[in-house]
Each structure stands twice: as C-alpha cells, then as structure tokens.
Amino acid sequence: MAASQHEPFDTADAVLDRLRRNRTEIARLEADNLAWACTWADLHPGEALSDTAPGCEQPDRLGGHGCPEVAEFCVAELGVALGISTHAARSYLAEALELRHRLPRLWNRVQSGHTVAWKARLVARQTMTLPKAGAAYVDHRLESKATRLGPRQIEVLVNEAMLRFDPDQAEADRVKAAEQRHVTITHGSHGIAYVDAIVDTAVAFDLEAALARAAAKIDTQDSLDVRRSIALGHLAHGDAGREIVIHLHDQQVGHLEATDQPLLVSQVEQWCREAGTSVTVKPVIDLNEHIETPSYHPTPKLQQQTQLKHQHCAAPWCTRPARRCDTDHTLPYEQGGTTCSCNLVPLCRWHHRMKTHTRWTYHRLGPTTFLWKTPHNSWVVVDHTGTWEP
C-alpha cells in the first residue's frame, strides 16, 4: 500500500517508523495465516475418508505423530487461496499443524508476535520426524531462544533430540544418509549446466585433490574456478564418447532434446570440435500442426508435440516438467474426446488424480490457456506466463 498523502515521509525517522510498523503487521498476518490454515485442516478431517476406495482421495497425515490426518486433496484449494503450488501448500499446512499440535510453546510465541512465522516453520519442518517426546524437548529448548537461533543451530538441536529420544532411528538415519548420495545435473541456458552432488567425505577429498592437480595443468588465463570446471569436464569425458541430440530451429538457434534448453549454433560448433563428440540434428516438430490418432494413446510424435507445447503440468502453480507428466484428454476419451493436438494436456500424476476424483474441473480457453474451477468455486487461469486469478 502506498504512503498516504497526509503522512510525511521526508525524514529518515518517518521511513524507519513505517518499516517497523509494517514488519509488525506482516508478522501478525503471517501468524493469522497459520491459524487459518489449521482451521482449513479442521474442516477437512481425514477420518471422513476412512472408507474410500483405492485410487480415490485418501486420508493424509501432515506433520509428525500426533498431528491429525486431513483429506488428501484439500491442500490444492488452500494453495489457490495462498497463491502457491499444491506441493508448497501441503508443506505449509504440515508445518502449521506441526506447530499447533507438537510445538505448542513455539506456536504461542508466533501467535503472540514474539517469534516470526518463517523461523517457526523452519523448526517445524525439521521436527516432523522426531517422536513426540523429542518434539517436546525441542519446543522446550526453543522457548526462550527461538529468535536467536539460526538454521544451522536449529538443525543441531533437532539432531540432538533424535539422538536422545530415538537412538535406533538416529542410527537408521545414519545408515540411510549413505543412500542419499547422488549426482544431479540441471541444465541451464547458454550451454551451461549445474552439478549438485552428495558423496562420501573421503570421495570429496579425492575429488578436491584430483581437481587441484588437473586445474594446475591447464595453461589458460581463466580464473581458478573456471579451470577447476574444465578439469572436471576432462575427468568426466575420459575415453568415453559424447552423443548430443539437437532439434534445429534455424541457422542460429536449436534445442537440446534432453532438456529443451535453447542454444546457439555456435555452441554446437564448439562441441563438435571436441574429440569424441557425436552430434545428431533432428527436424523440429511443428507445434501448430494438428495431429490426431484414433487410438486412446497418443503417437510418439503427438506425445512429444504436447510436451513441447506446454512444457509443464497445466495445473495451477505446478512446475513439474511435461516430460514427467501424464497426458490427459481435456474432453475425456470415453465422452467422445479425440486423441489430438487440441485435446491433450500434461498433468502430473497427483493433479491428474485430483481432477479425476474430485470436483476440480478445467476448460481449455486457448491452445495453451486453461480455466480451472475449484470445489469452492474459485477460478484461476493457467497459461504460458504462469497462474493468475481472472
């Protein structure tokens, strides 16, 4: 809200005073939202769904042991009201219930304005795996110092509670931690990718030493960080070949098949100059072409056209990539809907189930624009720009 014409904001003290008042008001509203979210959960108890058939809406326990179950799909409309994704709404409601039912001291501090909601939610996010006694221990320890602890200190306190009140689970977590080792590669723009990994500490030491040795042998004017990145590429490339598949749009721009990321042809030329690289160029699928098949299942070409046209799940605020989604008939196939370009849309499995088993509905307004209606008659539009309320 803009400053009132009647309020002087021409001094530093006035600006700071308004910021302080706004901070207090924001904290109060965030505390209210947590309370209203819990009320929403109370209105959708999971026990009412105890006799539902498999595949339909199920009871879902959000938060740790002692928190009530809620109706699985209620989080979707909560997300619409908050303007966040279904996944984020589920996490938000879980944190709210964790605070109210298992961290009552911290909950009261938030509701009284002594602790900000975001920090309390951070605590709740980490205590959900603790037994009730462990959560109570954390709640008691935080009663007088929640505003002074940072994320790392909160994590240490939660780990201590797990060791004290559930040592068997702590040991199981230690063993399971080794199963979390991974290497994740996320492709970005401009021919750059991001590598995230969890490895054994010993492996990390080995990799650090190997990168240092290899980077020292690279005779360029690049920074040490760049030379370490190049060194990692040399270690990865080794003696193996590299195969890259590209859909070429014109003489300047193409798309990587594995990531749909655009790239300049000059980048392709650079890769081609590197030893052991095999580049396959494929024609681009016309996204405006109307493709149809009499079968219920789309052809590979129609499936790929649908994925390229929509990019991600068409449900409100959902960002799951289309390649990892189901392909839904906007007008159901059994009701006469055809398997064609204008009647297929990607929906992730969760939102596909929600659309099938609840009163959520959606209609296509344009090639990539959809109007969704919630069970409580809210309307949201999803298009290539995101999600918004009409």
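Predicted model: local features only at pLDDT ≥ 70, side-chain atom pairs only at ≥ 80, totals over all residues.
1. How much space lies in the largest cavity? About 40 Å³. A cavity here is a set of points on a 1 Å grid, laid over the protein atoms alone, where a 1.4 Å probe fits but cannot get out. Its volume is the space filled by probe spheres set on the points, which are joined across faces, edges and corners.

2. Residues are numbered from 1 along each chain as its sequence is written, and side-chain values use heavy atoms, leaving out hydrogens and water.

3. Lining residues (an atom within 4 Å of a point) include Trp317, His351 and Trp360. Helix H2 (residues 74-82) gives the largest share, three residues; helices are DSSP runs of H or I with at least four residues, strands are runs of E with at least two, and both are numbered from the N terminus.

4. On to the sheet. Four strands form an open, antiparallel sheet in the order E13-E14-E15-E16, where pairing takes at least two DSSP bridges between two strands. E13 (361-366) and E16 (386-388) stand at the edges with a single partner strand each, so one side of each has no neighbour in the sheet.

5. Strand E15 (residues 379-383) runs antiparallel to E16, joined by three bridges. Asp383 stands opposite Gly386 in E16.

Methods
1 Å grid on protein atoms, 1.4 Å probe; cavity = no way out; pocket = protein on both sides within 12 Å on 5 of 7 lines; lining within 4 Å.
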